[in-house]
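Please look over the sequence and the structure shown here before reading on. The briefing below is meant to be read beside them, topic by topic.

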Amino acid sequence: MKLYEYESKDIAKRYGVTTPRGRLVSTPEEAKRAASELGSVVIKAQVLVGGRGLAGGVKVAEKPEDAYAVAERLLSTSIRGERVEKLLVEEKVCISRELYLSLTVDRATRRPVYLVSEMGGVEIEELAKKYPEKIHRVYVDPGVGYLEYMSREAIQVLKLPWALLQDLSQIMRAMYNIMIDYDAELVEFNPLALTCDNKLVALDAKIIIDDNSLYRRVELQKLYGRDLSEYEKRAKELGFSYVELDGDIGVISNGAGLTMATMDSILYYGGKPANFLDIGGGARRESVKEAVKLMLNHPRSRVLLVNIFGGITRCDEVAAGIVEAIREVGAVKPIVVRMLGTNEEEGRRILREHGIEVYSEMDDAVKAAVEVAKR
Ligand code: GDP
Ligand code: MN
């Protein structure tokens with residue numbers, strides 16, 4: 001779960017990280033008032049998508065009147081589909097250099113790792129693609145936590161004066177403590193600015209909380225779901241794993257392994273999945289019906305591919321769920337079904353009665369779905 005920049009900065013501030021002075025506002029009048037208190041300001045759209053700078057979501061205003069106009073404009077736009085409802089008005093900082101500093105979890109080594117780069121301001125994904133050698137990694141032993149030498153390493157990578165060691169050290173220690181205290185999977189300052197008067201200031205901040213920890217983060221639970229699409233939310237409510245992708249073939253499957261294999265197979269035959277929904281083991285007709293309805297309503301998918309391996313999941317229950325979903329929302333898009341296993345015969349019979357052909361080979365079903373999507 002992503003936190004907004006202003007939320008991330010509030011946390012960072014409490015842990016002793018310097019951020020620009022600022023106010024959170026939601027009207028042009030408030031923006032103007034904030035600017036008259038702060039002087040030259042940067043006005044930043046508070047959205048959860050990244051790369052706001054490039055998308056026009058970060059603007060400078062020299063005078064309070066400008067702040068009013070900029071805020072009015074930003075508050076009437078969307079950035080990458082996300083409506084702008086709040087703005088962070090911050091004093092404009094004179095930047096000497098833009099650095100990158102984050103703490104994330106490295107799955108391969110199962111350790112937190114600091115990513116350090118002197119090329120800040122650019123999205124880290126871009127940087128990793130273009131200049132992977134410009135990202136330095138400092139691994140943390142989770143049994144020990146942050147240690148001073150990590151900052152000495154970082155200060156050299158960042159080509160900062162040694163006089164800033166204490167400040168950098170305070171920032172890196174704060175990042176580690178935030179990660180532990182909030183179960184964060186990312187704590188990122190990009191850019192971490194070296195200001196014209198040689199101070200380190202977090203100009204942008206991003207914290208992502210590990211969703212799996214929300215059961216013990218009661219104060220964060222109420223925020224859960226606000227960065228999910230309506231489909232993701234509905235699927236989670238129903239208890240399914242659901243992932244939004246960008247192709248045009250909707251996929252319902254059971255079990256992570258079969259679902260992944262279905263994705264691979266779609267790509268292999270030249271198609272692109274729109275999303276996937278894993279109904280899990282033992283799904284009954286009622287929940288299959290809800291899953292199919294959700295997927296039939298998905299605007300981008302042109303065909304629904306259902307790939308079921310019946311174990312504790314019964315093919316006849318799945319078939320009944322599909323038929324009931326179609327009865328409720330109509331045959332709004334073609335459905336290709338492959339099923340195999342428990343009560344397969346009964347499942348086939350139910351679907352055939354409703355004019356849906358059932359494949360037994362996964363390849364054949366995937367090929368058929370790819371063809372329908374291309375038509
Ligand atoms: P992002 O594009 O969503 O990552 O938004 P950022 O908060 O990182 O801002 C994008 C860019 O705007 C930064 O990399 C800076 O170049 C610039 N910027 C942001 N705040 C300031 C500021 O206070 N002063 C100056 N001079 N530039 C700023
Ligand atoms: Mn940024």
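This is a predicted model: local features need pLDDT of at least 70, side-chain atom pairs count only at pLDDT 80 or more; totals for chains, interfaces and linings use all residues.

The protein chain has 375 residues, of which 50% count as buried, and its secondary structure consists of 13 helices and 18 strands. Along the principal axes, the C-alpha trace spans about 75 × 50 × 40 Å. Among contacts in the chain with a separation of 6 or more, 68% are made by residues 24 or more positions apart.

- The buried residues of H1 are Glu 5, Tyr 6, Glu 7, Ser 8, Lys 9, Ile 11 and Ala 12, a list in which Glu 5, Glu 7 and Lys 9 are charged residues.
- Just after H1 comes Gly 16, which takes a positive phi of about 90 degrees.
- A search of the whole structure finds four aromatic pairs, and one of them joins Tyr 4 to Tyr 6, whose ring centres are 5.7 Å apart and whose planes lie at 20 degrees, so the pair counts as stacked.
- Both partners are buried, Tyr 4 with a relative accessible area of 16% and Tyr 6 at 15% relative accessibility.

**A second aromatic pair, between distant parts of the chain**

- Tyr 114 and Tyr 146 also form an aromatic pair, but this one is edge-to-face, with 6.5 Å from centre to centre and 80 degrees between the planes.
- The two tyrosines are 32 residues apart, with Tyr 114 in strand S8 (residues 111-117) and Tyr 146 in the loop between strand S9 (136-139) and helix H5 (149-157), and the pair thus links distant parts of the chain.
- Tyr 114 is buried, as is Tyr 146.

**Packing of helices H11 and H12**

- Two packed helices are described by the angle between their axes and the distance between the axes.
- For helix H11 (residues 315-329) and helix H12 (residues 344-353), the axes come within 7 Å and cross at roughly 15 degrees; because angles under 35 degrees count as roughly parallel, H11 is roughly parallel to H12.
- H11 passes H12 in a right-handed crossing.
- On the H11 side the contact is made by Cys 315, Asp 316, Ala 319, Ala 320, Ile 322 and Val 323, which meet Glu 344, Glu 346, Gly 347, Ile 350 and Leu 351 in H12.
- Sorted by class, the contact of H11 with H12 has seven nonpolar, one polar and three charged residues.

- Leaving aside neighbours within four places in sequence, Asp 183 is in contact with Ile 178, Ile 209, Asp 210, Ser 213, Arg 216 and Arg 217.
- Lys 289 has its place in helix H10 (residues 285-296) and counts as buried at 9% relative accessibility.
- With neighbours within four places in sequence again left aside, Lys 289 is in contact with Gly 321, Glu 324, Ala 325 and Glu 328.

**Backbone geometry to check**

- Most residues other than glycine have a negative phi, and most peptide bonds are trans.
- A cis peptide bond joins Asn 190 and Pro 191, with omega at about 5 degrees, and Pro 191 is found in strand S10.
- Arg 110, a residue other than glycine, has a positive phi near 55 degrees; this arginine is found in the loop between strand S7 (95-106) and S8, where Arg 110 is exposed with a relative accessible area of 72%.
- Lys 159 is not a glycine either, yet has a positive phi of about 50 degrees; Lys 159 lies in the loop between H5 and H6 and counts as exposed at 55% relative accessibility.

Notes: Residues are numbered from 1 along each chain as its sequence is written. Chains are lettered from A and ligands numbered from 1 in the order in which they are written. Side-chain values use heavy atoms; hydrogens and water are left out. Axes are lines fitted to C-alpha atoms, for helices over the stretch in contact, and angles run from 0 to 180 degrees between N-to-C directions. Helices (H or I, at least four residues) and strands (E, at least two) are DSSP runs, numbered from the N terminus. Angles under 35 degrees count as roughly parallel, over 145 as roughly antiparallel, 65 to 115 as roughly perpendicular and the rest as oblique. A crossing is left-handed if the near helix is turned anticlockwise from the far one by less than a right angle, and right-handed if clockwise. Contact means heavy atoms within 4.5 Å. Rings of Phe, Tyr and Trp (its six-membered ring) pair if their centres lie within 6.5 Å; planes under 30 degrees apart count as stacked, over 60 as edge-to-face and the rest as tilted. Buried means under 20% relative accessible area, exposed over 50%, partly exposed in between (1.4 Å probe, protein chains only).
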